[in-house]
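Dear colleague,

I am handing over the structure below, together with an account of what was found in it.

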Amino acid sequence: MKFLLLLVMLPACAAIPRDMSGKMFLFPQQTTTARVRLTPSKQDFSAVTVCTRSLTDLRRSHSIFSMATPTNENAFLIIWDHTQKDLESHIKNVKSEYLGLDYKPNIWYSICSSWDSESGMVQLWFDGQPLARRYAISGSNITGSPVILLGQEQDSHGGSFDLAQSFVGMMSDVHMWDHALSSCEIQEYVDGVNFPPGNVLNWSALEFQITDRVLIEDKQPICY
C-alpha cells in the first residue's frame, strides 16, 4: 500500500510545463525549505533578462530570483537588501546596488534586470523605470548547469539556504530571455500587453517543481 501511494505521489512532484496565466505562487511562511525550482530551456547565456512581479510584507532582506551554477552561486540574482535599503542585481557574483527606491510592503512591484556579456553592462527596472546602467563583468558567458529558484537564495549550487533571505509573499509572471530587452519591451511587460514572452522561462508554459509549502492560487483582482 505504501509503495502504491508513493507511485501516485511522484507525478505531482515532477517538473511539468503548465500555463500559469492568471496564477501566482504563494509562499505563506518563513522557511529554509519552501521553494520553486524552474527549468530553463537552455544552459549557456551570453545575455539575460529576467522579469518578475512580487508582493511581500517582509521588513528584512529577501531573494526575488536566484540562479546558481556550479562555479557561481550568484550567477544571476535579484535581491532586496533591507539593511542597505537597496535592490541588488548580482551577475557571476558581481554586485550592483540600486538605492533610493520606494519599495513598500504589501504592494505588487514589477522588477526586471538584464545583463550582456559583450558590454558587461547590467541594468535594473523598477516598475518600468530604468535605473542607472552599471558595468558588472564582461568577456564570458554564464555557463554550467543552472539551478533557478524562487523563494530561496542559494549560497551554493542548489542549496545552503538562509532563513533571513527567504521570500514570503506572492510572486507571478516570471519570464526569462537569453537577450537584453529594450526599455520599451520592459514597459510592455509591466503593462502586461504585447510583450514577447520569455524564451528561457515562459510563465504561460512554465516547467517547475515545488518543494514544501508553496501554493498555486489565482491572482487576486483589485476590486473597486
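Lys-95 counts as partly exposed at 43% relative accessibility, where buried stands for under 20% relative accessible area, exposed for over 50% and partly exposed for what lies in between, with a 1.4 Å probe and protein chains only. Its side chain meets that of Glu-97 in a salt bridge of 3.5 Å, N to O, the term being used for a side-chain nitrogen of Lys or Arg within 4 Å of a carboxyl oxygen of Asp or Glu. Glu-97 is likewise partly exposed, with a relative accessible area of 33%.

Before going further, please note that this is a predicted model, in which local features need pLDDT of at least 70 and side-chain atom pairs count only at pLDDT 80 or more, while totals for chains, interfaces and linings use all residues. Residues are numbered from 1 along each chain as its sequence is written, and side-chain values use heavy atoms, with hydrogens and water left out.

**Salt bridges**

A search of the whole structure gives 6 salt bridges. One of them joins the side chains of Asp-173 and Arg-53 at 2.7 Å, N to O, and this pair links distant parts of the chain, since Asp-173 sits in strand E14 and Arg-53 in strand E4, 120 residues apart. Helices (H or I, at least four residues) and strands (E, at least two) are DSSP runs, numbered from the N terminus. Asp-173 is buried, with a relative accessible area of 13%, and Arg-53 counts as buried at 12%.

Another salt bridge is that of Lys-42 and Asp-178, at 3.3 Å, N to O. Here, too, distant parts of the chain are linked: Lys-42 lies in the loop between strand E3 (35–38) and E4, and Asp-178 in the loop between strand E14 (169–177) and helix H2 (183–191), 136 residues apart. Lys-42 is partly exposed, with a relative accessible area of 29%, and Asp-178 counts as partly exposed at 23%.

**Cysteines**

There is 1 disulfide, by the rule that a pair of cysteine sulfur atoms lies within 2.5 Å. Cys-51 and Cys-112 form it, with their sulfur atoms 2.1 Å apart, and because the torsion about their S-S bond is about 115°, the disulfide is right-handed. Cys-51 lies in strand E4 (residues 47–55) and Cys-112 in strand E9 (residues 109–116), so the pair ties together parts that are 61 residues apart in sequence. Both Cys-51 and Cys-112 are buried. Cys-184, by contrast, counts as exposed at 58% relative accessibility, and its sulfur is 13 Å from the closest cysteine sulfur, in Cys-112, which is too far for a bond.

**The sheet around E6**

An open sheet of 8 strands runs in the order E1-E15-E3-E13-E5-E6-E7-E8, with antiparallel pairing, where two strands pair if DSSP finds at least two bridges between them. Its edge strands, each pairing on one side only, are E1 (16–18) and E8 (94–99).

Within this sheet, E5 (residues 62–68) and E6 (residues 76–81) run antiparallel and are joined by 5 bridges, in which Ser-63 stands opposite Ile-79 and Met-67 has Phe-76 as its bridge partner. E6 also pairs with E7 (residues 86–91) in the antiparallel sense, over 6 bridges, and in E7 the partner of Phe-76 is Ile-91. E6 and E7 form a hairpin with 4 residues between them, and Lys-85 in the turn has a positive phi of about 55°. E6 is mostly covered, with 6 of its 6 residues buried: Phe-76, Ile-78 and Trp-80 point one way, and Leu-77, Ile-79 and Asp-81 the other.

With best regards
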